[in-house]
Amino acid sequence: MELILTCNIQKHYGLQYLFIKKIKLILYLHHSPIWIQKILPSFIWKKRHAQKVVHLTFDDGPIPEVTPWVLNVLKTYNAKATFFCVGENIKKHPQIYTQIISESHIVGNHTYNHLKGIQTSDAIYLSNIQQCAETMARYAKVETPLLFRPPYGRLKFSQAKKIRELNYEIVLWDVLSGDFDKKLSKEKCLKASLKHTKSGSIVVFHDNIKSFETLQYVLPLYLKTLTEKGYKFESL
Ligand SMILES: [Zn+2]
């Protein structure tokens, strides 16, 4: 979970002005705090399962350098996952997109251009989601719930409301692997991902270039460890 705290401070000391325009603190946590999940109940953070089931998600593909590798690893462990795809990548690599579906994974919408909701007008954001949806439908008709994940895990409440009106479920996560973080060692990424995963967890990985080095180390070991503990991996 990424938290963004932004505040404006303007103070007046006699003739002196202290003006700090913005203090921005950005941090991400491997585990989305329960209180955030509780105050934002209309987002999907995790699922409830009586059995040991984990929901892996892969954001930002499909791309030839990473996605086929992910599909192969998933196949080894008989794992099904959910891929939040970027529309322009689907257009560039439709055969990988259809491979994801033919191997019984689920696909979701991650906007056409991987837009940051908070920096984008509602109209442009919604039309970008629609453009992604049209691209998805052009290459494969899938009978699944409409799933949307906002890039960077951030969007405006007004956008979330409009997306829900289009019958999308907005899927966030309770476990963020941190595979994209160049400052995090791959060993720590694996350890933190395993530590926070519980039955029903929705876990974020990325099938993008930036994360690939870490993902190649983490994903097989993550799947192996949890499989040995009796977990199954299902799509959303
Ligand atoms: Zn993304």
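A residue counts as buried if 20 or more other C-beta atoms lie within 10 Å of its own, as exposed if 12 or fewer do, and as partly exposed in between, with C-beta atoms placed from the backbone. Helices (H or I, at least four residues) and strands (E, at least two) are DSSP runs, numbered from the N terminus.

This is a predicted model, in which local features need pLDDT of at least 70 and side-chain atom pairs count only at pLDDT 80 or more, while totals for chains, interfaces and linings use all residues. Residues are numbered from 1 along each chain as its sequence is written.

The protein has eight helices and ten strands. It has 236 residues, and 36% of them count as buried.

My topic today is helix α7, residues 186–196. Its buried residues are Cys-189, Leu-190 and Ser-193. Down the axis of α7 they fall within an arc of 95°, taken from the directions from the helix axis to the C-beta atoms, so they line one face of the helix. The face turned away from that buried side carries the exposed residues Glu-187 and Lys-195.

What do the buried residues of α7 pack against? They pack against β8 (175–176), β9 (202–206) and α8 (209–228).

Now α8. The axes of α7 and α8, lines fitted to C-alpha atoms over the stretch in contact, come within 9 Å and cross at roughly 35°, on a scale from 0 to 180 degrees between N-to-C directions. Contact here means C-beta atoms, placed from the backbone, within 7 Å. On the α7 side, the contact is made by Lys-186, Cys-189, Leu-190, Ser-193 and Leu-194. On α8, the residues include Tyr-217, Val-218 and Leu-221.

Methods
Two residues are in contact if their C-beta atoms, placed from the backbone, lie within 7 Å.
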